Amino acid sequence: MSSRAALQRGFVLHARAYRETSLLVDCLTLEGGRVSMVAKGARKGKALQRRLLQPFTPLLLSYMGRGELYTLTAVEEAGALRRLAGERLACGLYLNELVVHLLPREEPAEELFAYYSHAIEALSTHHALGPLLRRFELSLLEAMGVAPSWARECSSGDAVLAERQYGLCVDGPVAASTLSTGAARIDGSTLLALARGEPQELAALPQAKRVLRYFVDLHLGGRALRSRELLRGPATPQGIV
């Protein structure tokens, strides 16, 4: 069945050459989620379209077609390009890579779109990076429907207690008593902070990055992210992601 979307709010996540004159574009849209489309002729003769189809620019996208690959029929600027550089550019690319590799196609994700829009805006200012990245990782897991119940121990269903420690498994927190000697332990207070989802609180807890990294990597299935390499350096060999 053919589908059509008109003036859909969206952002380009990734674009690459397609055939002789076109671009294959992955986008995050407000109502359609992650959508892939062909921008016909965008590499030849359509200078305005080529200029607009860049990451970090708020757009209005119209497209039509069937299956998993649509045809872009129109694109309009819906806001100024967010000019990112250095570490902030790498953080923006990290968000884009996560969405491209983890969010299923055409899965409505309006809340995730709102967090993405906020994050890209904030990256162009002086906002702290940690809170932005942790909250986006958390919202992406929620949009995928794979975020565990942070406040409940997964096997027993018992409430997580702030003063106790826990391990992690694919289904969520597990009691520390089930862990082998030397296994990494997470404070219950960290898990409860994840349940509340407060960005500043998460950024203040080094364990929050470890927990979210565990679940993000679980669903990446071993796929390497180029943005992570860009975010590692001599001063911060572990990076912020």
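Surface patches were assembled from residues with over 30% relative accessible area and no salt bridge, like charges being joined within 9 Å and nonpolar side chains (Val, Leu, Ile, Met, Phe, Trp, Tyr) within 5 Å. By this rule V170, Y214 and L218 make a nonpolar surface patch of about 240 Å², areas being computed by the Shrake-Rupley method with a 1.4 Å probe and, for residues, with only the protein chains shown counting as cover. L218 is placed in helix α7 (residues 206-220), helices (H or I, at least four residues) and strands (E, at least two) being DSSP runs numbered from the N terminus. At 35% relative accessibility L218 counts as partly exposed, the class between buried (under 20% relative accessible area) and exposed (over 50%), with a 1.4 Å probe and protein chains only.

The model is a predicted one, in which local features need pLDDT of at least 70 and side-chain atom pairs count only at pLDDT 80 or more, whereas totals for chains, interfaces and linings use all residues. Residues are numbered from 1 along each chain as its sequence is written, and side-chain values use heavy atoms, with hydrogens and water left out.

The secondary structure of the protein chain comprises eight helices and eight strands. For 241 residues a compact globule would have a radius of gyration near 18 Å, with which the 20 Å of the protein chain agrees; the radius is taken over C-alpha atoms, and the globule rule is 2.2 Å times the number of residues to the power 0.38. The C-alpha trace spans about 65 × 45 × 30 Å along its principal axes, and buried residues account for 44% of the 241 residues. Among contacts (heavy atoms within 4.5 Å) between residues at least 6 apart in sequence, 56% join residues at least 24 apart.

Six aromatic pairs are present in the structure, a pair being defined by ring centres of Phe, Tyr and Trp (its six-membered ring) within 6.5 Å, with planes under 30 degrees apart counted as stacked, over 60 as edge-to-face and the rest as tilted. F11 and Y116 form an edge-to-face pair, at 5.1 Å centre to centre and 70° between the planes, which links distant parts of the chain, F11 being in strand β1 (residues 3-18) and Y116 in helix α3 (residues 110-123), 105 residues apart. F11 is buried with a relative accessible area of 5%, and Y116 is buried with 0%. W150 and F215 likewise form an edge-to-face pair, with 5.4 Å centre to centre and 85° between the planes; W150 lies in the loop between α4 (129-144) and β6 (165-169) and F215 in helix α7, so this pair ties together parts that are 65 residues apart in sequence. Ring pairs also link F11, F113, Y116 and F136 into a cluster.

Eight salt bridges were counted, each requiring a side-chain nitrogen of Lys or Arg within 4 Å of a carboxyl oxygen of Asp or Glu. D26 and R34 meet in one of them at 3.9 Å, N to O, and a network of salt bridges links R16, D26 and R34. D26 is buried, with a relative accessible area of 6%, and R34 is buried, with 8%. The side chains of R228 and D217 meet in a salt bridge of 2.8 Å, N to O; R228 lies in helix α8 (residues 226-230) and D217 in helix α7, so the pair ties together parts that are eleven residues apart in sequence.
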